[in-house]
Amino acid sequence: MSPYSWFKAAVLTLLACNAAVFAEYGTANEALDSVAWFVLLLLFEVETGFGARVQHSRAGIAIRAIRLVAAFAIAIAAIGYVRDGEWLEAINAWLWIGVVALLELEVRQPPAVAAHRTAFAYTAAALYGGLAVAMLAWAVKGEWFDAYDALLWLVAFATIELNVLRAAARSGERAAEVGNKA
């Protein structure tokens, strides 16, 4: 296993531990939010790691169904944060929803993203910047576990972005090979 694979495994393990902590000791919104995001992350990892092999199989159908349930749970938790007046958590949740929407577009609509690369880059920078500010706000408030969790999720999504960039580079290389053969 490569150092990168070990790193990803370590981040996933730490996020699993965080989800367990929130499920045991957090509010209902935190438990739902953390577990649903972790499930969504695992599914995204499977989809980007196995690509076409799972896309059109029964496993792909199951993955999409579970992803839909996890996304619904995330939205419920985000609405719950607003309802309960947990504004920092609400802002953080909605920023993450924006990040995932961008990632979905990057993975599922590469030509559209390529046509508007600058706008996507600025939007991603603004979303990630907002998430970094939320992490710092938790640290300033002395909510160290929340700050640590936010940092860990930023690291996890930076890893996902690397996966997306690697996949795009591989696609570009394959397209260039096909073009050179023609």
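## Packing of α2 against α4

N29, E30, L32, D33, A36, W37, V39, L40, L43, V46 and E47 in α2 meet I63, I66, R67, A70, A73, I74, I76, A77, G80, Y81 and R83 in α4, where a contact means heavy atoms within 4.5 Å. The model is a predicted one, in which local features need pLDDT of at least 70, side-chain atom pairs count only at pLDDT 80 or more, and totals for chains, interfaces and linings use all residues. Residues are numbered from 1 along each chain as its sequence is written, and side-chain values use heavy atoms, with hydrogens and water left out.

Two packed helices are described by the angle between their axes and the distance between the axes. For α2 and helix α4 (residues 58-83), the angle is about 150° and the axes are 8 Å apart; the axes are lines fitted to C-alpha atoms, for helices over the stretch in contact, and angles run from 0 to 180 degrees between N-to-C directions. This makes α2 roughly antiparallel to α4 (angles under 35 degrees count as roughly parallel, over 145 as roughly antiparallel, 65 to 115 as roughly perpendicular and the rest as oblique). The crossing of α2 past α4 is left-handed, a term used if the near helix is turned anticlockwise from the far one by less than a right angle, with right-handed used if clockwise.

## Overall composition

The protein chain has 8 helices and 0 strands, with helices (H or I, at least four residues) and strands (E, at least two) taken as DSSP runs and numbered from the N terminus. The pattern along the sequence is accordingly written α-α-α-α-α-α-α-α.

Of the 182 residues in the protein chain, 37% are buried; buried means under 20% relative accessible area, exposed over 50%, and partly exposed in between (1.4 Å probe, protein chains only). Among contacts between residues at least 6 apart in sequence, 69% join residues at least 24 apart.

## Other partners of α2

Helix α1 (residues 3-25) packs against α2 at an angle of about 155°, with the two axes 8 Å apart. The arrangement of α1 relative to α2 is therefore roughly antiparallel, and α1 passes α2 in a left-handed crossing. On the α1 side, K8, L12, L15, A16, N18, A19, F22 and A23 take part, meeting E30, A31, S34, V35, F38, L41, L42 and E45 in α2.

Between α2 and α5 the angle is about 15° and the axes lie 13 Å apart, so these helices are roughly parallel to each other. Here too α2 makes a left-handed crossing with α5. The residues W37, L40, F44 and E47 of α2 meet A93, W96, I97, V100, E104, V107 and R108 of α5.

N29 belongs to helix α2 (residues 28-50) and is buried, with a relative accessible area of 9%. Leaving aside residues up to four places away in sequence, N29 touches A77, G80, Y81, R83, D84 and E86. A polar atom of the N29 side chain lies 3.3 Å from the backbone oxygen of G80. N29 and E86 are 57 residues apart along the chain, and their C-alpha atoms are separated by 9.8 Å.

K8, in α1, is also buried, with a relative accessible area of 17%. K8 touches E45, T159 and N163, again not counting residues up to four places away in sequence. The C-alpha atoms of K8 and I160 are 9.3 Å apart in space, although the two residues are 152 apart in sequence.

## Aromatic pairing

Rings of Phe, Tyr and Trp (its six-membered ring) pair if their centres lie within 6.5 Å; planes under 30 degrees apart count as stacked, over 60 as edge-to-face and the rest as tilted. By this rule there are 7 aromatic pairs. The ring centres of W96 and Y128 are 6.3 Å apart with planes at 85°, so this pair is edge-to-face. W96 lies in helix α5 (residues 87-108) and Y128 in helix α7 (residues 117-140), so the pair ties together parts 32 residues apart in sequence.

W96 and F157 form a tilted pair, at 4.5 Å centre to centre and 45° between the planes. Because F157 lies in helix α8 (residues 144-181) and W96 in α5, this pair ties together parts 61 residues apart in sequence. W96 counts as buried at 5% relative accessibility, and F157 counts as buried at 4%. W37, W96, Y128, W153 and F157 form one aromatic cluster.

Methods. Polar contact = N/O pair within 3.5 Å; in protein donor to acceptor, adjacent residues only side chain to side chain.
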